[in-house]
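Biologist: I'd like to learn how to read a structure like this one. Could you take me through it, starting with where two chains meet?

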Amino acid sequence: MLTSSIRSIRFAFQSFGRNFWLSLITVSMLALTLVTVNLLLVLQIVATKAVSFAEERIEVSVYFHSGTTEDRIKGASGYLQGLPQVRDVQVITAEEALARFKERHAADATILAALDEVGGSPFGPTLVIKGKSADDIPLILESLDNPQFRDDIREKDFSSYEDIVNRIRATTERVRLFGIGLAAVFLLIAILIVFNTVRIALFVHREEIAIMKLVGATNAFVRSPFLIECFLYSLLAVGIVAGIVFPVVAAIDPGLSAFFGGESVGLLVYFQKNWLPIFGIQLAALTVINMVSTTLAMRKYLKV
Amino acid sequence: MIHFKNVIKTYPPNIVGIRNVSLHIRPGEFVSIVGQSGTGKSTLAKLMFAEETATSGQIAIGGWDITRISQHDVPMLRRQIGVVFQDFKLLPRKTVFENVAFALEVSGTPNRRIKEIVPQVLKIVNLHDKGDRYPKQLSGGEQQRVVVARSLVHRPKILVADEPTGNLDAIHTHEIIDLLKKINEFGTTVVLVTHNREVVNALKKRVITVDDGQITSDVEEGRYKI
Ligand SMILES: Nc1ncnc2c1ncn2[C@@H]1O[C@H](COP(=O)(O)OP(=O)(O)OP(=O)(O)O)[C@@H](O)[C@H]1O
Ligand SMILES: [Mg+2]
C-alpha cells in the first residue's frame, strides 16, 4: 500500500515534469481563477469597512432652546441612550457650544465682539446622537417627537452619510456581481484546461498505461498518478496565489488605512488570522473541481 | 487450463471476431494457433487475458470462469497470464532492468522482491548483463526477449504470445522460439499465435488452425497448413 502510494506520487511528478509547459498553463489558469476569488474577498472586507466607516459618521444633532435645564437634557439623553438603535449620545452644554463656536471663529474679530456684547452663551445645549446603522436614523428622528422634550427642541439636523452608504453598497454589489461572473468564466476555462491537460497526459502515457494494464496493475493504481497530479496543480495554484495575495495585501493595507482616516481596515490582519480557512477552502474546492474534471477525462479516454 | 465453450465474439457494430469456438488447452501444453490474416487469432488470444470479453459462450482459465469477469478482477487474471505482443512495447526511457521492474512496480511488489526477481527473469532470457541498456541499444530479438522477461515476472501459469516473432529475422525468431520452449519446459502453458510456417513445423507441437473465425483443424504434433 505504502509502496504503491510512493510509486503513484513518483509517476505523478514525472508526468508533471514531462508535460512541463502544459502543467504551467494549467496552474496559471487555476491561479488566475483564485486571484479573482481573493480579489472578491478583499473587496468584501474593504466594502464592509467603508460602510461601517461611513455609518459611524452618521449622526443627528439636536439643538435645544437656550435656557433648557440640565435635568431635562439629561432626561432626553437618558431616554435616547435607552433606544436599541442608538449607539452613543453626546451632550454638549451651552458653555461648550460657545467655546466651540469661538474656536471655530477665532479669526473673526467682529463675531467675537458681538458675542461678548451679548454676554453669556446665546446657544442652547446640544445632543449629538449616533445611530448603529444608516437605517436607524429615521427611527431616531421619530423618537425625538417624544412629548416629554419635544417642545424643548429648537432644531434637528443630520449629516447625510446615508447617500454615501447606499452608493458604497450599490457599487460593491455591482463589482461583486462582475467578479463572480469573471470567476465563473475563469473557472470554466480552468476546468476545460484541466480536462485537456489530463487528456494529453493520458495520450503521452498511453503505452505505459497499456503495459500497466497488461501486467496487472489495478485501475486504482493506473488512475491515482493522474489524480495526484491534479492535486499537485491545485496545491501549486493555491501556493502561488497565497504568495501573491500576502505581499499585495501587506502593500495596500497602509494605504487603505490612510484612506479611512488612519483607522485600520484590518485586511492584512484578517488574512494573517484566517489564512488556513481561506486558502484551505480554496484548495479543497479547487481539488474537488479538478478531480471531477480529471475523472471525466479518464472515463472518456482511459477505459478503466 | 484454458477452456472455451461455444465462444462467439462480435465487435461492434457487427464484425465477426470468432464464431463458435470450443477448445481445451491442458496445463503444460505448447499450442500454436495459425491461420490467415483477419481470421480471429488475436481475438482468441485477447479473450484469454480478458482484453476482450466474449459476446456469448463460456471461457474458463484454470477453472476460473472469466466470461463475465469484472473490471475489478481483471488485474488478478493478468498477474497469472504473461502476455507478449508483436510490437515490443518497451518504454524507451527506461533501461532493460527498469522496464522489467515496471511490471512489478505497478502491481505493488516491494522493492526488495523486485531486486530479486528482475535478475532472475533477465537470466532466463539471457540478458542479465544488459540490464543497464536502453531498448534502442538492443537488437530486435533482444528487445523481444526483454518483453518475454517482463511477462514472466509474476511467474505466470500461462504465457500468451501473439506473433512474438513477427518483426524478427530468422536467427532472432529462432532465439525467441527456443526461449518459449524453455519456458514451457519449466511448466508454463504456452499459447503461440504465429504466421511462421518454419516455426510451426519445427516445433512439432499441437497446432490449431483458425479460418474465418472457426477452428478448422486441431492436431497434436501438427504442421502448418493453410
Ligand atoms: N477492436 C476491433 N473492432 C472491430 N473489429 C475488430 C477489432 N479487432 C479485430 N477486429 C476484426 O475481427 C476480425 C478478427 O481479427 P483478429 O485481430 O482476431 O485477426 P487475426 O487473425 O489476429 O489477424 P492477423 O493475422 O492479421 O493479426 C477481423 O475481421 C478484424 O477486422
Ligand atoms: Mg493478430
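Predicted model: local features only at pLDDT ≥ 70, side-chain atom pairs only at ≥ 80, totals over all residues.

Biologist: How many residue pairs are in polar contact across the interface of chain B and chain A?

Modeller: Seven, with both residues of a pair at pLDDT 80 or more. There is also one salt bridge between the chains, meaning a side-chain nitrogen of Lys or Arg within 4 Å of a carboxyl oxygen of Asp or Glu. Arg10(A) and Glu105(B) make it with their side chains, at 3.1 Å from N to O.

Biologist: And how do I read the area buried between chain B and chain A?

Modeller: The size of an interface is often given as the accessible area lost when the parts come together. Buried area here is the accessible area (1.4 Å probe) that two parts lose on being put together, summed over both. For chain B and chain A that comes to about 1900 Å², with carbon and sulfur atoms giving 59%. On the chain B side, Phe102(B), Glu105(B) and Val106(B) lose the most area to chain A, together 28% of what that side buries.

Biologist: Now the sheet: in what order do the four strands of chain A stand?

Modeller: Strands (E, at least two residues) and helices (H or I, at least four) are DSSP runs, numbered from the N terminus, and two strands pair if DSSP finds at least two bridges between them. In chain A the order is S2-S3-S1-S4, an open sheet with antiparallel pairing. S2 (86–92) and S4 (153–158) of chain A are at the edges with a single partner strand each, so one side of each has no neighbour in the sheet.

Biologist: Which residue stands opposite Val89(A)?

Modeller: Ile129(A), in S3(A). S2(A) and S3(A) (residues 126–131) are joined by six bridges and run antiparallel.

How values were computed:
Residues numbered from 1 in each chain as written. Chains lettered and ligands numbered in written order. Heavy atoms only, no water. Polar contact = N/O pair within 3.5 Å; in protein donor to acceptor, adjacent residues only side chain to side chain.
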